[in-house]
Amino acid sequence: MTESKKQEMPPFMKSISDSLPSSFDVLHVPLALDGTHVHLLYMKTVVDGTPLQQSIIKPFFEIDNEKKFAAYIQGLPNRLDPPQPDELLSMITSGFVLIYAASTYSVLEFRKLGNTQQTMTVSETTIHGPQLALSEDLETNVSIIRQHYHQPNLYIETQQLTDKSKMAIAILYDEKEVDVDVLRRVKEKLDALDEPLIQSAGELAVRLTSRRFTLFPTSILTERPDRIVYNLTGGKIVLLVDNSPYAIILPVVFFDFMVSMEENYHTYIISLYNTLLGWFGLLNCLILPSLYVAFTAYSPEVLSPELTLTIAGSRIGVPYPSFIEVIIMLLFVELLTEASVRLPRSINAAATTVGGLILGTAATEASLASNVLIMVIAVVAISTFVIPMNELGFAVRIGRLFLILFTALFGLIGLISGTLLLIIHLTNLDSFGEPYLRIGWRSKRSEKMVNSE
């Protein structure tokens with residue numbers, strides 16, 4: 001066989017190469033030394049060149065026999081037989097290398113890892129708890145959880161999504177604690193996914209939701225390893241998605257969203273106080289604007305005469321009903337909240353603080369809002385940030401508009417009816433077969449199945 005024919009790609013490798021796009025990063029690398037010929041096919045932008053050089057290219061020039069080199073390749077721990085062409089194409093685009101040596105094809109993983117560094121927690125900060133969050137690499141995140149959860153019962157199953165992203169996901173659960181029926185439902189949901197593209201844990205959590213138009217989330221997105229371990233101990237399932245720094249916890253109940261990990265690092269009295277503060281903030285955020293509308297427009301006699309006169313005096317000159325006044329101010333607060341998220345960190349705090357001060361002062365001086373309402377809106381805005389989980393905060397922000405509408409139509413009766421409708425909605429929800437509004441009366445110790453003997 002001539003030297004030029006030796007440099008040509010083998011037929012199977014050529015068919016795979018022709019199926020790949022004509023791109024600068026698709027490389028066919030023929031290696032030749034003293035009659036020994038090996039072919040490599042890979043994408044250099046997703047392959048880590050250093051281990052490829054150390055494990056494949058350098059040994060090739062040190063082993064002077066093609067059969068010996070092929071035997072060396074066969075003995076590598078990450079070596080795989082080539083799968084079907086469609087699956088092989090997906091593997092090559094994700095960081096695998098196709099190798100031809102001594103009439104044998106092999107596939108080896110030399111994937112260039114993404115961001116493997118743990119960053120500081122952003123959405124769930126604590127004072128005394130761990131400060132590092134998950135990374136954006138799936139294997140790194142599995143290692144982090146292994147380091148926090150030293151149990152042989154921790155099972156980790158991996159699979160690949162069938163959308164265009166072909167993201168790898170990991171299913172983590174404690175075999176002794178997990179509910180087998182819930183695990184089966186989760187796997188069925190994952191297998192039944194039919195989405196064109198999923199790129200993060202947040203998108204996957206939305207796609208797994210049975211009811212697309214429900215207001216309340218039925219899974220938890222978290223970046224904290226301690227929360228993940230806490231829920232694994234309680235028998236829950238954790239989903240990790242490659243290239244995403246968040247994990248999905250399911251199934252969940254409504255009360256899981258009111259649990260802050262900070263409570264685990266304080267004494268009982270302090271933890272109870274923080275818990276009650278969170279629930280007080282939730283009620284304030286949800287009901288306080290509706291109470292203002294009910295008391296000013298429908299039932300001022302419920303309040304003391306002095307307070308009624310104070311509210312009435314503060315509304316002198318306001319040209320529209322109280323519920324319009326409340327909705328306008330809440331929309332301004334929503335705009336300020338979104339601006340604080342979108343603006344660069346170096347200016348968002350100053351911009352939103354100045355904007356809030358100017359807005360409140362201008363609204364009262366122009367008689368567009370009463371002084372009492374400005375105080376109510378300020379309390380509501382602060383209470384929103386007391387809710388431990390951000391997903392529940394979004395649901396409450398929308399739910400209070402629903403209650404304001406009912407209160408504007410029917411007064412206090414409307415507020416009570418709207419609250420009952422929200423509770424009925426919660427009771428009709430489930431998270432992978434588990435009742436959403438289930439109240440667990442057991443202590444944390446008994447829920448974790450801790451054997452004190």
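How many bridges join strand 7 to strand 9? Select both strands to find out: four bridges join them, and the two run antiparallel. Two strands count as paired if DSSP finds at least two bridges between them. Helices (H or I, at least four residues) and strands (E, at least two) are DSSP runs, numbered from the N terminus.

Before going on, know that this is a predicted model, in which local features need pLDDT of at least 70 and side-chain atom pairs count only at pLDDT 80 or more, while totals for chains, interfaces and linings use all residues. Residues are numbered from 1 along each chain as its sequence is written, and side-chain values use heavy atoms, with hydrogens and water left out.

**Stop 1**

Five strands form an open sheet in the order 6-7-9-10-8, with antiparallel pairing. Strand 6 (154-160) and strand 8 (220-222) stand at the edges with a single partner strand each, so one side of each has no neighbour in the sheet. From one strand to the next, the twist averages 25°; axes here are lines fitted to C-alpha atoms, for helices over the stretch in contact, and angles run from 0 to 180 degrees between N-to-C directions.

Contact means heavy atoms within 4.5 Å.

Walk across the strands with a few residues selected:

- Gln 160 stands opposite Ala 168 in strand 7; strands 6 and 7 pair over seven bridges.
- Leu 172 stands opposite Val 238 in strand 9.
- Val 238 also stands opposite Ile 249 in strand 10.

Color strand 7 by burial: six of its seven residues are buried, so this strand is largely enclosed by the rest of the structure. Buried means under 20% relative accessible area, exposed over 50%, and partly exposed in between (1.4 Å probe, protein chains only).

**Stop 2: the core**

Which residues have the most contacts inside the largest nonpolar core? Select Phe 216 and Leu 240, within a core of 55 residues. A nonpolar core is a set of buried Ala, Val, Leu, Ile, Met, Phe, Trp, Tyr and Cys residues joined through side-chain atoms within 4.5 Å. Helix 10 gives the most to this core, with seven residues. Around Phe 216, look for the residues it touches, among them Phe 254, Leu 392, Leu 422 and Tyr 436.

**Stop 3: aromatic rings**

Keep Phe 254 and Tyr 436 on screen; both are buried. Their ring centres are 6.4 Å apart and their planes stand at 65°, so the pair is edge-to-face. Rings of Phe, Tyr and Trp (its six-membered ring) pair if their centres lie within 6.5 Å; planes under 30 degrees apart count as stacked, over 60 as edge-to-face and the rest as tilted.

Then move to Phe 402 and Phe 406, four residues apart in helix 15. Their centres are 4.8 Å apart with planes at 45°, so this pair is tilted.

**Stop 4: helix 14**

Finish at helix 14 (residues 371-384), where the buried residues include Val 372, Leu 373, Val 376 and Ile 377. The buried residues of helix 14 pack against helix 10 (268-297), helix 11 (305-314), helix 12 (322-342) and helix 15 (390-410).

Technical notes. Lists of a residue's contacts leave out its neighbours within four places in sequence.
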